[in-house]
Amino acid sequence: MAAPMEVRCWGGDWGLPSVHSESLIVLAYAKFSGAKVTVSPIDWTWRTLTVDAPELVCGDSTVTEPIHILNFLRKQRFNADYELTARQGADTMAYIALLEEKLRLALLHTFWVDAENYANVTRPWYASRSPFPLNFLVPGLHANKALSRILLTKGESPLHTITEVEGKIYSDAKECLNLLSDRLGSANYFFGNSPASLDAFVFGFVAPLHKASLPSSPLQSHLRQLQNLTSFCDNILAVHFSSGHPGSPPLVQETVDANLQKLTQLVNKESNLIEKMDDNLRSSPQHKPRRPEPKPSLASDRGSTPA
């Protein structure tokens with residue numbers, strides 16, 4: 001019997017199972033491949049300062065980073081890419097490299113370096129989920145790491161000023177989003193009718209940018225013009241992360257049953273009320289005795305129910 005698998009990752013918000021891109025990639029791939037994993041938010045202790053999220057724990061094995069986690073799941077026979085051709089596999093690697101090169105830095109800047117977004121969205125979110133004094137340390141640590149990574153990657157010649165660096169990374173990110181939009185077209189997924197690892201990576205990178213309420217983000221404004229990419233994220237959330245299962249007919253039926261039950265209860269209450277009123281009228285001394293009128297039918301009760 002296979003050992004149970006646990007994914008430790010950052011928690012969710014904004015309608016997403018996690019606000020963290022790498023965590024979203026792993027959670028989405030687990031859904032796509034049918035892997036049964038227990039999701040646990042990372043512990044808010046001093047370990048938070050050095051934890052690598054997401055982290056998959058299976059028996060004595062601990063795996064970090066999305067690429068390594070996905071490879072581990074494939075070895076456990078949870079493979080969302082098994083139907084891909086060799087060409088599609090090569091395209092997958094090329095597009096993942098494109099995401100890492102063109103889009104990651106822009107996301108780091110959007111959430112961690114942009115002063116308005118950091119002050120109003122990112123820092124409050126992480127601080128509110130950290131105990132004192134970590135609420136002062138965790139956001140600043142991640143912000144410093146993000147800025148350092150941006151400058152180390154793009155801060156060399158010919159780009160010298162932070163303004164030039166920002167212009168370059170956002171230009172690259174918009175180009176990346178355009179390429180992804182063109183490749184996706186009108187399809188639900190990038191390869192065929194089933195999601196694969198590329199879909200998990202694109203979802204992990206794009207969904208936070210799509211769902212976060214950012215006060216300042218030219219990249220988010222650009223994304224909203226690419227409706228197929230935003231619909232792609234919404235479709236994955238609805239099909240794979242709704243409270244029911246993919247497609248969710250049971251959820252619809254449960255809703256219908258619940259509404260029917262409420263309607264039945266309302267009709268019964270009204271019937272009881274009418275019956276009591278009728279009894280009171282018949283027993284009242286100021287009224288002449290008369291034969292009770294037929295009780296309203298169920299259909300007429302429903303018709304009298306307020307809309």
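Me: Why are H1 and H2 called roughly parallel to each other?

Reply: In this predicted model, the axes of helix H1 (residues 21-33) and helix H2 (residues 66-75) cross at roughly 15°. Angles under 35 degrees count as roughly parallel, and H1 and H2 are therefore placed in that class. Their axes come within 10 Å, and the crossing is right-handed.

Me: Which residues make the contact of H1 with H2, and how many of them are nonpolar, polar or charged?

Reply: H1 contributes Glu22, Ile25, Val26 and Tyr29, while H2 contributes Pro66, Ile69, Leu70, Leu73 and Arg74. By class, this contact has 7 nonpolar, no polar and 2 charged residues. Glu and Arg count as charged, and Glu22 and Arg74 are among the contact residues.

Me: What makes H3 roughly perpendicular to H4?

Reply: Helix H3 (residues 86-113) and helix H4 (residues 115-128) pack at an angle of about 80°, their axes being 6 Å apart. The range from 65 to 115 degrees counts as roughly perpendicular, so H3 is roughly perpendicular to H4.

Me: Which residues of H3 and H4 meet, and how many are nonpolar, polar or charged?

Reply: On the H3 side they are Thr110, Phe111, Trp112 and Val113; on the H4 side, Ala115, Asn117, Tyr118, Thr122 and Tyr126. The contact of H3 with H4 has 6 nonpolar, 3 polar and no charged residues.

Me: Why is Trp14 called partly exposed?

Reply: Trp14 has a relative accessible area of 21%. Buried means under 20% and exposed over 50%, so Trp14 is partly exposed. Trp14 lies in the loop between strand E1 (5-9) and H1, and its phi is near 60°, a positive value in a residue other than glycine.

Me: Why does Glu65 count as partly exposed?

Reply: The relative accessibility of Glu65 is 48%. Exposed means over 50% and buried under 20%, so Glu65 counts as partly exposed. Glu65 is found in the loop between strand E4 (61-64) and H2. Its phi, near 75°, is a positive value in a residue other than glycine.

Me: How many residues has the largest nonpolar core, and which have the most contacts inside it?

Reply: The largest nonpolar core has 77 residues, and Leu103, Leu177, Phe203 and Phe232 have the most contacts inside it. Helix H3 supplies the largest share of this core, 11 residues.

Me: Which residues does Phe203 touch, leaving aside those up to four places away in sequence?

Reply: Phe203 touches Leu24, Ala28, Pro208, Phe232, Cys233, Ile236, Leu237 and Phe241, on that basis of counting.

Conventions: Residues numbered from 1 in each chain as written. Predicted model: local features only at pLDDT ≥ 70, side-chain atom pairs only at ≥ 80, totals over all residues. Heavy atoms only, no water. Axes fitted to C-alpha atoms, helices over the stretch in contact; angles between N-to-C directions. Helix = DSSP H or I, 4+ residues; strand = E, 2+ residues; numbered from the N terminus. Parallel < 35°, antiparallel > 145°, perpendicular 65-115°, else oblique. Left-handed = near helix turned anticlockwise from the far one by under 90°. Contact = heavy atoms within 4.5 Å. Core = buried A, V, L, I, M, F, W, Y, C linked by side-chain atoms within 4.5 Å. Buried < 20%, exposed > 50% of the residue type's maximum accessible area, 1.4 Å probe, protein only.
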